[in-house]
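Here are a few notes to go with your first look at this one. Have the structure open as you read.

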Amino acid sequence: MNGPRRLSERLDGPLGPLLRAAQTDAPPESVIAATVGAVSALPVAASLQMALAAKAKAKGSVLLLKALLTGFAGGVVVVGGAEAIHYAVTQPEHAPAKPVSPVQSHAKVTDRPAAPADVAASEAPNMPAQPPTRELPLPAPARHGAAPEPAGRGTEAPAHAADPAMELEVRLLDEARGALSARRGRDALDALGRYAEQTQGRRLAPEAAYLEMEAYVLLGDREAAARSARDLLARYPGGPHVARARHVLSMP
Amino acid sequence: MRAELAPPRSHGAPLGERDAARASLNDERSAFVRAHVEFVWRALRRFGVPEADAPDATQQVFIVATAELGRIEKGRERSFLFGTALRVAAKVRRLRARKPLDGTTDPDAQVADLPSTEELVDQRRARAIVDEILERMASDLRAVFVLYELEQMTMAEVADLLSLPPGTVASRLRRAREFFERQVERRTTNRGGTP
């Protein structure tokens with residue numbers, strides 16, 4: 001069954017040009033790359049994942065080693081499952097480690113959580129203009145999507161101690177994290193809103209994005225949580241929170 | 001002493017068992033995305049996803065598909081992706097509180113004039129016209145029209161992808177083409193007959 005001659009093949013009139021324009025519609029390479037990054041960050045197949053997890057558990061130090069490898073202030077543990085990450089956020093004893101080698105990102109934190117921005121919008125309409133990301137007097141930060149820094153950096157002196165801007169970021173995110181631990185989702189969002197308004201550069205923006213997502217999960221706002229998860233995956237596809245973001249997106 | 005776990009990947013570092021498996025999986029996933037991303041993008045756009053939302057929606061489709069990759073029958077990837085794209089598009093539209101996709105839009109409502117042939121060189125504007133017309137088309141007709149006219153699938157491929165009888169595909173395509181031609185003609189008439 002070959003079907004009729006396609007309308008796009010017409011040379012007379014506007015039908016042909018109209019449909020040929022639609023035929024050539026394609027996403028920009030940045031969208032393709034971001035999509036590749038997003039799916040690459042998905043967990044491996046369950047059977048392989050379980051096999052690897054069983055092997056890693058036998059070693060005994062995998063959790064600590066992974067916490068040091070993540071390189072984020074939250075000390076988030078990536079054990080291939082969302083539950084471990086959620087545990088690390090909600091348990092007070094997993095207080096955030098000092099931030100090391102934050103992922104360099106020029107992405108802005110999403111709009112103030114009380115009025116979350118559309119996930120497709122990269123700009124927060126209510127936020128003042130922000131200066132470009134500043135270079136840090138720290139060890140070379142990991143490039144976007146690159147592997148986390150190796151173990152050992154977490155034992156250095158707090159890098160933000162001499163950096164007031166970083167200290168502010170850490171303090172505000174600690175506040176958000178503490179609110180989450182106490183099951184106070186709104187307070188966490190308030191702290192993240194202040195983070196968005198008061199900080200510049202936002203070197204810990206990936207962590208803030210993750211905490212925002214968790215706050216919405218805590219509040220039961222599934223749509224907002226899903227938006228935050230998609231935004232996190234789009235902006236930081238190589239980050240340590242992708243497994244949790246995937247889990248949030250898969251929640252009914 | 002070599003760590004039991006492979007060190008974080010970096011350029012030139014040896015790959016451990018997990019990293020090798022992961023690299024292979026990522027290559028497979030990357031190839032899957034690149035093979036179908038344009039198809040998914042166009043499906044989303046032609047089913048009403050605004051350009052601003054299309055990147056996010058595209059990721060959603062592939063996230064779902066990647067999670068199901070092992071269960072999708074070989075050769076049915078496009079069918080799965082198309083169905084997922086339609087669901088994601090419907091969800092995006094619901095979130096934006098736009099008109100439903102069931103063709104309830106009044107096809108006789110005031111339409112924008114068709115630009116001249118020269119103006120149609122502006123691809124973006126042309127696509128906007130196509131999308132406006134498709135917006136008024138019933139979704140069952142739109143699916144057949146998009147797959148046949150825009151994706152240039154054969155009738156048999158369309159029937160297979162949509163799991164429809166060939167006769168149903170032919171019937172819907174005929175009605176869809178008639179609708180599309182009528183809409184274009186109306187817009188051309190509004191311009192005084194000049195193309």
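1. Among the elements of chain B, helix α1 (residues 17-46) comes out lowest, with a mean pLDDT of 86, while helix α5 (residues 139-150) of chain B is highest at 94. Taken over the whole of chain B, the mean pLDDT is 81, and 75% of the residues get to 70 or more.

2. Be careful with residues 1-13 of chain B, where the pLDDT is below 50. Beyond near neighbours in sequence, that stretch still has 16 contacts in the model. Where pLDDT is low, the predicted coordinates should not be read in detail.

3. For the model as a whole, the scores are ipTM 0.77 and pTM 0.49.

4. Now over to chain A: is helix α1 (residues 15-23) mostly covered or mostly open? Mostly covered, with eight of its nine residues buried. The buried ones in α1(A) include A:Leu15, A:Pro17, A:Leu18, A:Leu19 and A:Gln23.

5. Further along chain A, helix α6 (residues 164-181) packs with helix α7 (residues 185-198) at about 165°, their axes 7 Å apart. An angle over 145 degrees counts as roughly antiparallel, so that is how α6(A) and α7(A) lie to each other. The crossing of α6(A) past α7(A) is left-handed.

6. Who makes that contact? On the α6(A) side, A:Leu168, A:Leu172 and A:Leu173 are among the residues involved; on the α7(A) side, they include A:Ala188, A:Arg194 and A:Tyr195. Sorted by class, the contact of α6(A) with α7(A) has ten nonpolar, four charged and one polar residue.

Key: Residues numbered from 1 in each chain as written. Chains lettered and ligands numbered in written order. Predicted model: local features only at pLDDT ≥ 70, side-chain atom pairs only at ≥ 80, totals over all residues. Heavy atoms only, no water. Axes fitted to C-alpha atoms, helices over the stretch in contact; angles between N-to-C directions. Helix = DSSP H or I, 4+ residues; strand = E, 2+ residues; numbered from the N terminus. Parallel < 35°, antiparallel > 145°, perpendicular 65-115°, else oblique. Left-handed = near helix turned anticlockwise from the far one by under 90°. Contact = heavy atoms within 4.5 Å. Nonpolar A, V, L, I, M, F, W, Y, C, P; charged D, E, K, R; others polar. Buried < 20%, exposed > 50% of the residue type's maximum accessible area, 1.4 Å probe, protein only. pLDDT = per-residue confidence, 0-100.
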